[in-house]
Amino acid sequence: MRNDLLLALFSVVLAGCGASKSAYRTAPASGGAQPAPAYVSGNYGYGDSVPSGPMAPPPVVQSAPGVAAGSTGGVTYHAESVEVASVTKKTTSSDVDEDGVADSGGGGGQQPPPSPKPADAGQQKDMLDIEANMSVEVEKVHDAAAKLREFVKKHAGQTINDVVTDDRGRVSANFTIRVPSGDAGTFLDEIGGLGTVRARNIVARDITKQFHDAKIYLRNLHVSLKRYEEILAKANSVTEILQIENEMRRIRSEIDRVKGDMAFMKDRAARATIHVSLFTTAPDELNPTYNPKAKLHPGIRVGWLGDFFRGEGGDTGFYGFGLSLHFDRNWTIDVEGYRRITTPGSGLDAFLLTAGGDLYSDFLGGGKRRFLNPYFGFRMGYARTLGLNDFAAGVTLGLEIYKSKMVMLDLTGRALALVGNKDVGAHMAASSALTFHVAF
């Protein structure tokens, strides 16, 4: 007889919960519109940025027996009163303590609900989730970053992220900081004083209703769990016990999840999240990146020189070596000494000291290739050939065979006009040389 009564009681509970689920599915919101979600835990995805825009309407979900209507997967909760079969009391928000735990009043619905607490939802302090982004241009990033860290300590904040990068002397820093919400405005003003604010964005989201509805939902879960515990104490068959324990396990998991969501929302409301970016458009002198540049490229020349149209002296050929100081492609100085190919003398038979510059063609690579960069230039200077002193002026046509940051190998050809000597008159010299340069 006792077992029959327990089975009948359990059937009534299941039937009552089924009716409650049906009513939850079909009850329309006022005005025929879909009701706004009261507590959307998914919107607060543990560390995600604050969502913007309207929230999606709540999905229609099926509640478990004896559990508050809402999402079993933690998507959307509606804070509604829950009625379990044989429980005549409907719990209200006044039955919930500060942590959202229901006061069962001894269970079974035999005792009247406790008197309401004096504070109601309308008097509850607003909970704002504040998130801000600031981009500040500063003169020296390292100095500004040090001051920002001092501001964090001053306001009892916490640095979540602190990254400083140096890109060839251009330093930038990115911070993620949590400070008490009441100090957020002052803290942002202090950050703005570090330099010129280039971007500022502040979003404050009111999560008061979400937190309040989560608290009521948690209360309803505790009420349902209490009722299952009472039914479990009277169950005798293994089947009944397993069914009830499965539901109790699910409810306990839901309670833990909702408590975690509430703790997360409390923290978001208690502390503002501020993302700060510090940057400079000039190199930071405190921490420059060492990037050496060559002041000049000294080199050795090996070449040939021909002296033509010397009148009665005839044409003469020379071979020799030289030194080249290559400051850049626009300015070079060459010193060259040559010996006569046939019947050389005891010393140098020809000597040239010339200076000039060269130009790259943008249509032929602009000198930016590693291999085969052609160039064209001019030369002028002093020339002495076979005891004759002349003024030399002419043009250069060259090709950089290979070029890197440290070495350069190029081939040049020059045509020079030699003038100024009365004994021979104007004559011409042509030369070709291979030059190897190193960076200095």
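**Exercise 1. Which strands each supply at least two residues of the nonpolar patch?**

A word on the model before we start. It's predicted, so local features need pLDDT of at least 70 and side-chain atom pairs count only at pLDDT 80 or more, while totals for chains, interfaces and linings use all residues. Residues are numbered from 1 along each chain as its sequence is written, and side-chain values use heavy atoms, with hydrogens and water left out.

Step 1: list the members. Ile300, Val302, Phe321, Leu323, Val335, Leu353 and Tyr382 make a nonpolar surface patch of about 650 Å². (Patch residues have over 30% relative accessible area and no salt bridge, with nonpolar side chains joined within 5 Å; areas come from the Shrake-Rupley method with a 1.4 Å probe.)

Step 2: Strands E6 (297-308) and E7 (316-328) each supply at least two. Val335 sits in strand E8 (residues 331-340). (Strands are DSSP runs of at least two residues, helices of at least four.)

**Exercise 2. Work out how H4 and H5 pack.**

Step 1: get the geometry. Helix H4 (residues 208-234) and helix H5 (residues 238-270) pack at about 160°, their axes 9 Å apart.

Step 2: name the arrangement. H4 and H5 are therefore roughly antiparallel (angles over 145 degrees on a scale from 0 to 180).

Step 3: check the contact. Its residues split into 17 nonpolar, three polar and eight charged.

**Exercise 3. Find what Glu131 pairs with.**

Step 1: spot the partner. Glu131 forms a salt bridge with Arg268, with the closest N and O atoms 2.9 Å apart (the cut-off is a Lys or Arg side-chain nitrogen within 4 Å of an Asp or Glu carboxyl oxygen).

Step 2: locate both ends. Glu131 is in strand E1 (residues 128-137) and Arg268 in helix H5, so the pair ties together parts 137 residues apart in sequence.

Technical notes: Parallel < 35°, antiparallel > 145°, perpendicular 65-115°, else oblique. Nonpolar A, V, L, I, M, F, W, Y, C, P; charged D, E, K, R; others polar. Patch = residues over 30% accessible without salt bridge, like charges linked within 9 Å, V, L, I, M, F, W, Y side chains within 5 Å.
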